[in-house]
Amino acid sequence: MNKIVILRANPRQEGYTRYLTDKLIAGIAGSGTEYRDINLVGKNINPCIGCYHCWTNDEGICVHNDEMTEITEHLAWCDVVLFATPLYHFSISSLMKVVLERTLPITRQGIERGPSGNFRNLLRDNKWKGKSIAVLCAAALRGEHLFDGVEKTLELVAEGIHFRNAGLLRRPETYLLQFALAKPKTMKIIETGLERAGYELANDGCFSQKTINDVSTTLAVDTNYFQMYSNIYWEHVGRDTTRAASVESIRDLVLHDVRILMNEFARSFDPVAGARLRTVMVFDFPDKSYTFRIAVKDAQYAFTAEDDLNADMRVTADSIIWAKAFTRELSMRDALMSGKIRVEGDKSLFMKLERYFPPPNN
Ligand SMILES: Cc1cc2nc3c(=O)[nH]c(=O)nc-3n(C[C@H](O)[C@H](O)[C@H](O)COP(=O)(O)O)c2cc1C
């Protein structure tokens with residue numbers, strides 16, 4: 001099995017890169033292989049000054065005497081190095097960049113062509129042969145070209161330092177990773193993919209295409225939804241530095257945001273079960289001062305802004321209760337019977353909601 005070094009290059013310690021890396025490491029640990037989990041934050045690693053001292057002495061010694069010595073030893077020990085980095089300005093973090101710069105002593109002066117035909121420098125020592133480099137990159141945005149910079153960097157650097165390119169795991173839309181209630185299936189695909197990624201690095205030394213695809217599975221069905229949910233996340237952060245620093249600290253707020261839950265509830269509408277349904281429903285959440293009106297007709301639903309006096313049913317609940325009913329942690333019937341959810345108007349419609357709007361299955 002491959003020995004793995006994980007180099008954590010994420011400055012934010014409680015962010016999504018950490019969350020994703022922890023999942024991947026669970027897969028590595030489960031494989032039973034040896035691994036080292038190294039955090040680059042706080043390490044004294046100076047940028048390369050381009051003096052080429054490492055090329056002008058036979059041992060490849062760098063002029064800097066800092067903690068890169070320890071990292072180089074880890075690189076010599078491992079078969080696979082995995083960098084975990086956030087996407088910063090469409091590129092790798094400077095924590096990762098500085099380590100890559102300092103791998104210059106792996107090579108020496110002299111030019112040859114690599115396997116792809118690109119020119120590169122010679123390898124200093126055979127002990128560096130047969131190693132692989134992989135990257136896990138987390139990004140807030142989404143888009144076709146989001147990871148192009150990282151992908152190209154990985155490809156060229158891998159060849160440049162004579163490592164095999166073990167693959168790039170991309171995770172866009174990070175701020176939507178907290179919508180586990182709304183997207184349980186997709187979250188499962190992503191998390192299982194991350195664990196499998198760790199297992200694959202240990203056993204195969206690279207990521208499979210299926211794993212790469214699974215980890216980057218889209219969470220937002222369309223761009224409006226992506227924008228809306230990302231903005232809700234930042235609304236919860238507000239001006240609170242603690243919340244900005246730690247995604248865990250606002251997890252519950254995001255998870256139970258009634259705007260997301262209502263949106264997902266409406267989206268779960270089953271046009272077959274509700275084919276003949278024609279109704280206007282109002283949902284009131286006094287604890288959050290939100291009211292939603294959903295009109296259903298012709299097997300379609302729509303949120304409506306009209307203050308409709310002719311609503312067939314008016315549901316009033318605390319947002320947290322609704323979150324439980326939405327995920328079926330609490331049955332709608334029990335919620336109604338116990339008075340946790342109040343219903344005015346057509347109670348029989350309420351009892352059929354579970355059928356018209358089945359539990360989230362995406
Ligand atoms: C300086 C800086 C630059 C960033 N640039 C990008 C970017 O170019 N594209 C993007 O999708 N996200 C960008 N982000 C957002 C991060 O990728 C995002 O926070 C992601 O969740 C990974 O970081 P985390 O581990 O801190 O959560 C940037 C964040 C910072 C702080």
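In which order do the strands of the open sheet of five strands stand? The order is β10-β9-β8-β11-β12, with mixed pairing. Two strands count as paired if DSSP finds at least two bridges between them. Helices (H or I, at least four residues) and strands (E, at least two) are DSSP runs, numbered from the N terminus.

This is a predicted model, in which local features need pLDDT of at least 70 and side-chain atom pairs count only at pLDDT 80 or more, while totals for chains, interfaces and linings use all residues. Residues are numbered from 1 along each chain as its sequence is written.

| Strands | Sense | Bridges | Opposite residues |
|---|---|---|---|
| β11 (residues 313-317) and β12 | antiparallel | five | valine 315 and valine 343 |
| β1 (residues 4-8) and β2 (residues 35-39) | parallel | five | valine 5 and arginine 36 |

From β1 the chain crosses through helix α1 (residues 16-31) to β2, a right-handed β-α-β crossover (with the strands pointing away from the viewer, the path from the first strand over the helix to the second runs clockwise).

Now for a helix pair. α1 packs against helix α6 (residues 184-203) at an angle of about 45°, with the axes 7 Å apart. Axes are lines fitted to C-alpha atoms, for helices over the stretch in contact, and angles run from 0 to 180 degrees between N-to-C directions. This makes α1 oblique to α6, because angles under 35 degrees count as roughly parallel, over 145 as roughly antiparallel, 65 to 115 as roughly perpendicular and the rest as oblique.
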